Amino acid sequence: NGVRNTKDGGFIFAGTTNYNSLYETGWIAKIDSSGQPQWSLKLKSVNGSLSQASELNNGDFIAVGNLYLEFKGDNKGNIKSVSKSSNFIMRIDKDGKLIWQRSFFNTGKEILNKVQQISDGNLIATGNVLNTEIAYILKLDQNNGNIIWMNQYANTENYNLARIIEN
């Protein structure tokens, strides 16, 4: 779902995998500038997807997406529909070890789409409530993922395509 270059000339990938899982689960991986795998991490015992990952100033990584809380699958690995999902954010150190992860649930189907570090060191993320036209912006504490503030906006279209620009 997302790929970004890293300060060391490598790349960070975020998306899904079905490895050792019937249904898709969130996955993040890092390769070096030669394309050699450095590490790979998937969500454990949880179905979901990662939308995007970003590198933090200290070389750690942050990734966002959603967890599938209730869904229908066909027992062949295909998810036919998701009726309830939750926002998801995780911080991983430069060696691929999980530092913290958070999930917060407000309505029916939610996803975090974009995340980046801002000048005060904290994180700004955008998301959607997929079964409505509501979008939101969150400021999160980079040390633990706690919400500092959150604003929502009604009647937005294609908010998952929005860019985050700090002025």
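How many of the 167 residues of the protein chain count as buried? The share is 46%, where buried means under 20% relative accessible area, exposed over 50% and partly exposed in between, with a 1.4 Å probe and protein chains only.

Before going further, note that this is a predicted model, in which local features need pLDDT of at least 70 and side-chain atom pairs count only at pLDDT 80 or more, while totals for chains, interfaces and linings use all residues. Residues are numbered from 1 along each chain as its sequence is written, and side-chain values use heavy atoms, with hydrogens and water left out.

**The whole chain**

Select the protein chain and colour by secondary structure: there are zero helices and 12 strands, with helices (H or I, at least four residues) and strands (E, at least two) taken as DSSP runs numbered from the N terminus. Along the principal axes, the C-alpha atoms fill a box of roughly 45 × 40 × 25 Å.

**The loop at Asn75**

Next select Asn75, in the loop between strand 6 (61-73) and strand 7. Most residues other than glycine have a negative phi. Asn75, although not a glycine, has a positive phi of about 65°, and Asn75 is exposed, with a relative accessible area of 64%.

Now select residues 134-140 and residues 147-153, which are strand 11 and strand 12, paired in the antiparallel sense over six bridges; two strands pair if DSSP finds at least two bridges between them. Lys139 has Trp149 in strand 12 as its bridge partner. Six residues lie between the two strands of this hairpin, and in the turn Gly145 has a positive phi of about 80°.

**The second largest pocket**

Finally, select the residues that line the second largest pocket, including Leu41, Phe88, Met90, Gln101 and Arg102. On a 1 Å grid over the protein atoms alone, a pocket is an open set of points where a 1.4 Å probe fits, with protein on both sides within 12 Å along at least five of seven lines, and lining residues have an atom within 4 Å of a point. The space in this pocket is about 170 Å³, a volume being the space filled by probe spheres set on the points, which are joined across faces, edges and corners. Strand 8 gives the largest share of the lining, four residues.
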